[in-house]
Amino acid sequence: MSHSIMDFLGLYFLQLALIGVPRMALSVGGRDCLRAGDTCSSDDTCSPRLRTLRQCVAGDGSVKLGPGARNQCENAMTALLSTPLHGCQCKRGMKKEKNCLSIYWSLHQSVLHGLSLVESYPYEPEERGTDYVRLASIAAESEVTTVNRCLDAAKACNIDDTCQKLRTEYVSSCIQPSARSGPCNRAKCNKALRKFFDRVPPEYTNELLFCPCTDTACAERRRQTIVPSCSYEDKEKPNCLAQLRICKADYVCRSRWAQFQHDCQPSEQSASGCKQENYGQCLLAYTGLIGSTITPNYLDNSTSNVGPWCSCAASGNHREQCSDFLTFFHDNICLKNAIQAFGNGSDVKTGASQPGVSSPATDNHSPHLATTAPGIAMETEQNILRAQIPTQVRRDGRLKI
């Protein structure tokens, strides 16, 4: 390993040693990245350093900064780590979410370039995802256990104003023909889907999406929840790694993918199958991907297997990396158990680990990390062998998460 690589990694770990405060401790009080950014921009010392850092993470940062770019980037990064920007977070679905996330990633993209971010993501933890809430309005109608929970979920959504309004909105957007896009305006459809899953409580969205089925008609109705003909499927399956690259170039999608990797990280050492021991958070992270370029859905109407609409057929030398990505959906014991637990009504509420706080029992012993977690497997080795300076972030915005 070259001296330049060792120097950068040494700087990184020195920073962790000096300011190695747990992620959640830094965000006590809900430190908002937008407010932290405003505070920095109005400070004569912080503002120019933030501008420098943003140039560093741009594809041609070294060209803009000229000679000595490496030192400028490292100095700006080190200085900003002692400001409110370090440890700031965003709320999923908030107004100006993309602006908030751009501030978060400006700092984290520099600090963690080439390293795994599976233990970190920008969003504040949400209490709404930690418990399963039954549909009280439907349960009150009958003392007899309902036969078709998927139909019950649709009825429950229809009598809730917010759920009914936003569901009607996304269905309308997803089936309305477009002069430019043909029979489906996918961008408009996905935007409406994200709005639905971000704003409607999970007691409605989870029942619609994870209700148990015993026949193909029910399973197909469940699969159609996110309008697969528009938001999920296409004439041909695109390459999975190409879809993931597009995702990582978008602040929102990149953040949702990081959250999904963290909250649905599998572990064979855990009784639940989840490293974070929280089924509700895993399902919340899963639904956060809906409406993105890697939108997951049921693969067919005969099983409960889920995954994005993509293929590894054209992956070439990156076939293994592509398979790792799909494996995180297809063979993820944490995700499978979370969906099954919700469907059978066991309502498992395990000890909730917060983002950035590792589970002691599985910290160094999860066999999935080497094989099924694309955030670690995908191109990490190659990138650590390159000089890890902030100005080498590529134009496509790819970040090793």
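**Overall picture.** I began with burial: of the 401 residues of the protein, 52% count as buried, where buried means under 20% relative accessible area, exposed over 50% and partly exposed in between, with a 1.4 Å probe and protein chains only. This is a predicted model, so I kept in mind that local features need pLDDT of at least 70 and side-chain atom pairs count only at pLDDT 80 or more, while totals for chains, interfaces and linings use all residues. I also noted that residues are numbered from 1 along each chain as its sequence is written, and that side-chain values use heavy atoms, with hydrogens and water left out.

Next I looked up the secondary structure and found 22 helices and two strands; these are DSSP runs numbered from the N terminus, helices being H or I with at least four residues and strands E with at least two. The accessible surface comes to about 18100 Å², and 52% of that belongs to carbon and sulfur atoms; the areas are from the Shrake-Rupley method with a 1.4 Å probe, and for residues only the protein chains shown count as cover. For contacts (heavy atoms within 4.5 Å), I read that residues 24 or more positions apart account for 75% of those with a separation of 6 or more.

**Confidence.** I checked pLDDT, the predictor's confidence in each residue from 0 to 100. The mean for the protein is 74, and 68% of its residues reach 70 or more. Strand β1 (residues 296–298) has the highest confidence, at 97, and helix α22 (residues 380–384) the lowest, at a mean of 27. I marked residues 1–30, where the pLDDT is below 50, yet the model gives this stretch 51 contacts beyond near neighbours in sequence. Residues 129–146 are also below 50, with 35 such contacts.

**Cores.** Which residues have the most contacts inside the largest nonpolar core? I found Phe196, Phe210, Trp257, Phe260, Ile294, Phe325 and Leu335, in a core of 55 residues. Such a core is a set of buried Ala, Val, Leu, Ile, Met, Phe, Trp, Tyr and Cys residues joined through side-chain atoms within 4.5 Å. Helix α19 (residues 333–343) gives this core its largest share, six residues. Another core, of 24 residues, lies apart from it and includes Leu53, Cys90, Leu107 and Tyr123.

I then followed Phe210: leaving out residues up to four places away in sequence, it touches Leu283, Tyr286, Thr287, Tyr298, Ile339, Phe342 and Gly343.

**Lys188.** I found this residue in helix α11 (residues 186–199). Lys188 counts as partly exposed because its relative accessibility is 42%. Beyond its neighbours within four places in sequence, Lys188 is in contact with Ser173 and Gln176. Gln176 is twelve residues from Lys188 in sequence and 9.7 Å away in space, C-alpha to C-alpha.

**Backbone check.** Most residues other than glycine have a negative phi, so I looked for exceptions. Lys96 has a positive phi of about 60 degrees although it is not a glycine. Lys96 sits in the loop between α6 (69–80) and α7 (97–111), and is exposed at a relative accessible area of 59%. Glu277, not a glycine either, also has a positive phi of about 60 degrees. Its place is in the loop between α16 (251–263) and α17 (279–288), and Glu277 is partly exposed, at 23%.
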